[in-house]
Amino acid sequence: MTTSTTPAADPVPAADQPADSDTPHDHEQTRPWWQVMCLTGVDYFSTLGYQPGIAFLAAGLLSPLATIVLVLLTLFGALPVYRRVAQESPHGQGSIAMLERLLPLWRGKLFVLALLGFALTDFIITITLSAADASAHVVENPHVPAALHGQELWITMGLIALLGAVFLKGFKEAIGLAVALVGAYLALNVVVIAVSAAHVFEHGHVVTDWTSALTAEHGNIALMIAVSLTLFPKLALGMSGFETGVAVMGHVRGAPDDDPVRPAVRIRDTKRLLTTAAVVMSVFLICSSLVTTLLIPAEAFEDGGEANGRALAYLAHLYLGDTFGTAYDVSTILILWFAGASAMAGMLNLIPRYLPRYGMSPEWAGAVRPLVCILTVTAFVITWIFDADVDAQGGAYATGVLVLMTSASVAVALAARKARQRGWTIAFTLIAVVFTYTTLDNVKERPDGVKIGACFIAAIVLVSLLSRMTRSLELRTTEIEYDAKADAFVRDCARRTLRLVAHDPQHRDAGAYRAKVRQIVEAHELDHGGDLVFVEVVVEDYSDFESRIVVQGSVAHKEFRVLTVHAATIPNALAALLLDLRGRTGVRPHMYFEWTEGSPVAQMARFLLFGTGEVAPLTREVIRRAEPDPRKRPHVHAG
């Protein structure tokens, strides 16, 4: 069978391709995996700025043990999950695309919108929380003028605006900047932790004091471990970089001969990225938790204390002096400010992959700069609502992180089950149970997080549905393909007058075809019906907004020529077919319809939800919007 393929009149932009297709980045924008690791690392590694303090406030003297539990969950839970996500979804769609494939029609679309709501919660709060913590480091530095104290809100707003300006200018140099920031920040942390460890060895009594206090407070080691297992959900911020790690994996440079659908080198190197980041961060988390717990007085961690939200910075000033401490503060401020870069990159990758393809965003949502402006303004609003308070945003941040990790663990468990990998299915199911418990515990302790997530979900669903309604009459076909017989019908009929009849594919008996021919001939006073070609649209996934349509020709009952069209919606498919036939043949085709009975409101709802409805006027309206010149429009007849 030969085929003829014609691009639709309104092709879909590259950014709007389906989420399971390859949308490769320009070669100049891809980098070796270790450099892209630094892009995700500005988010992941920057949590060292506040994670030790959060751990102590949550677990007290048990902070090191609770941190070890967190590290074990990271290395043996989150890491295997996201390595599998990278393998199953290698173009940066993440676990959302994996779950989308499991749920059909509108259920899948609405589920994806809910997950996108939590993803936006995670990524937006990454920007606002990190910027707020950076402003806290600014005002806590002893060399900062007193006039800046109490101005954290405006400092945070300025840092967010600066981040938005970076993306408005372009993101070419962002990875290079991320490499420099991560390298400098980790090097300074090595110095601070090493010097602090030396003080621990020099003053060994701090260890015995700590162990004695632990024993007095919790008794034996078994009880300490049990308590630590219940506390680790409060430390979940320490696992924040995995979702951004897979979201930006499209920037990882693959091999020139990589399979575009399954790029093996990119997948392999992304797994290296995730593993290296997890191992490095695990070492820093344990070491930082130990030295801060042993060397910093408990009261310094409290709200308003000198170590609150900046435990390692406190040690840097205490043991290395204000000059080094200021250098450490500057490094921390820069990496916390730029932590939002990986989150912004993740949103710029995810949003254009889903919302435009669903028809649930304005057309400009696929463009970077307008989207950056919207996301920056949203970050401004969140910062204003929370008054740039780091602690107040922690619950929403942890909720977003944990919901995405839970969905990822469920997705890979289902993928392993589908692949009949019994061992991995059991392992990933257990991990999913742990993450589900962690998420529910976090929601119970900090319900504000799920409230913020629900607001994001409600906003994105409402805006998306309104956008889809306003765009429902667009020409929504990306490509039209004809088989050999359909192509022959078109060429034969175009020599005379191309007359098409819309017909319900559910009524394919000979009597129905003959009755339709008689009706058309009588209603429109045609000489005969011998040159009529029936067009039957078979609606497949009516929740899809854009689709590639296939036109197949056949002869029904050895008498009637039929073009069968597979598409997501009837009016838009017929309009695309008519305009395409006009372009192919050079003649204006005629299409004959029968009026549909029923309430116009109900018919419009059927069109919006199920792709059917009152076909004749809707087809005509789609054509009118697509072709402004009435003299060039195909003829639409109804009777």
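Reader: In this predicted model, what makes Ala-510, Ala-512, Tyr-513, Lys-516, Val-517, Ile-520 and Val-521 of α18 count as buried?

Author: A residue is called buried when its relative accessible area is under 20%, and in α18 the residues Ala-510, Ala-512, Tyr-513, Lys-516, Val-517, Ile-520 and Val-521 are buried. They cover an arc of only 165 degrees around the axis, and therefore they lie on the same side of α18. These buried residues pack against β3 (499-502), β4 (532-539), β5 (547-556), β6 (560-567) and β7 (590-593).

Reader: How do you know that the span of α18 agrees with what its 14 residues should give?

Author: At 1.5 Å a residue, the 14 residues of α18 (residues 510-523) should span 20 Å, and because the end C-alpha atoms are 20 Å apart, the two values agree. After this helix comes Glu-525, which has a positive phi, near 55 degrees.

Reader: Why are the buried residues of α13 said to be on the same side?

Author: In α13 the buried residues are Leu-371, Val-372, Leu-375, Thr-376, Ala-379, Ile-382, Thr-383 and Phe-386. Their arc around the axis is only 135 degrees, so they share the same side of α13. The face turned away from that buried side carries Trp-384 and Ile-385, which are exposed, a word that calls for over 50% relative accessible area.

Reader: Which residues does Met-347 contact, leaving aside its neighbours within four places in sequence?

Author: With those neighbours set aside, Met-347 is in contact with Leu-120, Phe-123, Ile-124, Ile-127, Pro-352 and Leu-375, where contact requires heavy atoms within 4.5 Å.

Note on methods
Residues numbered from 1 in each chain as written. Predicted model: local features only at pLDDT ≥ 70, side-chain atom pairs only at ≥ 80, totals over all residues. Heavy atoms only, no water. Buried < 20%, exposed > 50% of the residue type's maximum accessible area, 1.4 Å probe, protein only. Helix = DSSP H or I, 4+ residues; strand = E, 2+ residues; numbered from the N terminus. Arc of directions from axis to C-beta. Expected span 1.5 Å × (residues − 1).
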